There are 2 protein chains.
Amino acid sequence: MAGSEYMVPGFRSAAAAAGLKKHGGLDLGLIVSDEPAGAAGVFTTNRVRAAPVVLSQEHIIRGEARAILANAGCANACTGTPGLEDARKTADAAGKALGVQPEEVLVASTGVIGARLDVDGITGALPGLVAGLSEEDLPRVAEAVMTTDSFPKLSRFDGSAGGRPYRIVGIAKGAGMIMPDMATMLSFVLTDAGISSLDLKKSVIQAADATFNRITVDGDTSTNDTVFALASGRAGTGGIAGKDLAGFREGLCRVMEELAVMIVRDGEGATRVVHVLVQGAGTAEEASQAARTVANSNLVKTAVCGRDPNWGRIMAALGRSGVSMEEGSVDIRINDVEIVENGLGKGAQAEKAAAAVMAGEETIHLTIHLHQGEHEDRVTTCDLTQEYVAINADYRT
Amino acid sequence: MAGSEYMVPGFRSAAAAAGLKKHGGLDLGLIVSDEPAGAAGVFTTNRVRAAPVVLSQEHIIRGEARAILANAGCANACTGTPGLEDARKTADAAGKALGVQPEEVLVASTGVIGARLDVDGITGALPGLVAGLSEEDLPRVAEAVMTTDSFPKLSRFDGSAGGRPYRIVGIAKGAGMIMPDMATMLSFVLTDAGISSLDLKKSVIQAADATFNRITVDGDTSTNDTVFALASGRAGTGGIAGKDLAGFREGLCRVMEELAVMIVRDGEGATRVVHVLVQGAGTAEEASQAARTVANSNLVKTAVCGRDPNWGRIMAALGRSGVSMEEGSVDIRINDVEIVENGLGKGAQAEKAAAAVMAGEETIHLTIHLHQGEHEDRVTTCDLTQEYVAINADYRT
């Protein structure tokens, strides 16, 4: 992966092995903005918030930041007041090493819950990180924050505003919406576009809702989920507004969508990406609720694992989702194959065709029409395999 | 299993192999009451209701019934108007064979969704079933309704009312709250006690809520879930009332609880039964919601499979459950081992002790105290294993 491909003017990065991961390797990443950058964040909705989430929510209120310090190997979650102090110490040390205020440092952690952070390991690695900062090393940060991820996740969008080109680059980690002792979803997005803090915040919330909040691997939400976006303004676009702002938002969505699908594709043990699209729902909430229920059904997910077009499980999930529906009005397609019409199966021929699609395609589209109204929504998930169970049963042992 | 152990005066049963199951074996059961019996039922809350559920809800309004006809191999769900006609034909045929009204026949089905019922196979087997009715053959009915179940499930309670002994016997099938193409939860409870239809109905609803509605294997709810209770009155207890009614309800709960735990123990691929008890919740609803969220978490269930006292996953599930909680107030015990106190882990020693308990005991008690109020609730589940995925991925193939 050529680092230059992911360069964003105004930002430098570095990664190090600080001894935080059980099996070694890069585990600490630092991203620095040469000047104060516009900053926005989206955080977990879990009531159990990890210490780095609590601290970064405090720091990001300023709407500006200079650095992101992120580690894998330890989530620093369920660690109480001492854990919050630990997070604060690492932000303080990073601020000191960079010559910026501690409040200008955002922190993120992922790894084992309940264990204390190795503050000395992190502060000890900081001088080397600062000395090694490079415009080309963002991919190494993407590698450092990996846990059960099988590949680093990066995405880029090139846009233009006010006649000036700009770039949005995002990195992410995550192979489950949650695995409290190993994973979490972290994503850091950098851009050299100029954009007001308020517009950046709105754009990030909107994009996260359309992308990261519409994927699920196991229906869980981590204590550590964090999205940071930093804007350096170095592209000279000036403050993006109007149509350019719409273009920026679309670019942000594309970057986050690509990262989101990478996370699902890398879902623990996953062999198929499944896009569940619910159409014709009575309300927007019902469309979302129906899609989410189908996407989180273990029985639907194991059927996909078995390449079995078992539409009865989809019907049953819809029936228990709590949304308005009539059995006799439901249509279901698997990719291009109509498998249910008016609530009834289309027969053995259709099932055979659908099974062939599921065996042959890595991306499955389950399209459900409820014929109750005009609303639609989608959720992307993956199949549930024996490998998922093996990963999650055996990890700490 | 000695059939006489499960005899209930006033009832006779029979089972047959009607060719409905793919791999053969008993698949059709008939339970007959010599006289009209008081009857009550509890049915699935899924909006997609199988034909036998629709028909039996219609029939049971009378508060009396003479027979239950139950089959495995085909759920007769998502079969539309023709499916409802099929269910009606089998009830009609059973009524004719027994010399009773069709409305006095309750029906229940479990098996593949979307497939039409083999009406001829069932009606063809009826004369043999009626000829073979015996007081001792209830265990054979329990066997006939099995799908992925690995053992038939029967439970008995002996009580007395008005100085006269009576008996409650229940059978059940189910190895998942749902597997729409193979399983479902069915339970039939017979008693010779005398009890008014209204009291029977209230008692069954209450007992089902306390037992069957508090187990989960995979968080799903079948299209076919059905509980029937029939009371013959043959024990000569007269109409049970007052303290005797409380005793009857307790007996009913005991029978259903024993069956419910058998279902979880037989959960597909399960190696551990897990009782999740949430105490100190702010409201009854929050106690239930918190227990349900923990019990349905794939990450908690895979941790149990791995004998890993991974309390971080329990904290994270509580945090996303939507109930009022403060991280620093949560206590968690695994059987007798305190593993979390005031939101913090009790250390390596405690984890080691808890891991030993999880490895050594087949029944795991996760006791969670939220310290928010006085309400408690419990949900029983099982671990999530690779075998679960194998069963559900590979079944139809």
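Trainee: How many residues of chain A are in contact with chain B?
Mentor: This is a predicted model. Contact here means C-beta atoms within 7 Å. On the side of chain B, 50 residues take part. The number from chain A is 50.

Trainee: In chain B, are helix 8 and helix 9 roughly parallel or antiparallel?
Mentor: Start with the axes of helix 8 (298–305) and helix 9 (311–320) of chain B. They come within 9 Å and cross at roughly 160°. Angles over 145 degrees count as roughly antiparallel. That makes helix 8 of chain B, relative to helix 9 of chain B, roughly antiparallel.

Trainee: Which residues of helix 9 of chain B make the contact with helix 8 of chain B?
Mentor: Helix 8 of chain B brings Leu299(B), Val300(B) and Ala303(B). By class, this contact has five nonpolar residues, no polar residues and one charged residue. From helix 9 of chain B come Arg313(B), Ile314(B) and Ala317(B).

Trainee: Why is strand 1 of chain B described as largely enclosed?
Mentor: Look at both faces. Phe11(B), Ser13(B) and Ala15(B) are buried on one side, and Arg12(B), Ala14(B) and Ala16(B) on the other. Strand 1 of chain B is largely enclosed by the rest of the structure because its buried residues number six of six.

Trainee: What is the bridge partner of Arg12(B) in strand 2 of chain B?
Mentor: Strand 1 and strand 2 (28–43) of chain B run antiparallel, joined by six bridges. Arg12(B) has its partner in strand 2 of chain B. The partner is Val32(B).

Trainee: Which are the edge strands of the open sheet of six strands in chain A?
Mentor: The strand order is 12-11-10-13-9-14, with mixed pairing. An edge strand pairs on one side only. The edge strands are strand 12 and strand 14 of chain A.

Trainee: Which helix packs on the sheet, touching strand 9, strand 13 and strand 14 of chain A?
Mentor: Strand 9 and strand 13 of chain A pair in the parallel sense over seven bridges. The direction of the helix makes about 20° with that of strand 14 of chain A. It is helix 7 of chain A.

Notes. Residues numbered from 1 in each chain as written. Chains lettered and ligands numbered in written order. Predicted model: local features only at pLDDT ≥ 70, side-chain atom pairs only at ≥ 80, totals over all residues. Buried ≥ 20, exposed ≤ 12 C-beta atoms within 10 Å, placed from the backbone. Helix = DSSP H or I, 4+ residues; strand = E, 2+ residues; numbered from the N terminus. Pairing = 2+ DSSP bridges. Axes fitted to C-alpha atoms, helices over the stretch in contact; angles between N-to-C directions. Parallel < 35°, antiparallel > 145°, perpendicular 65-115°, else oblique. Contact = placed C-beta atoms within 7 Å. Nonpolar A, V, L, I, M, F, W, Y, C, P; charged D, E, K, R; others polar.
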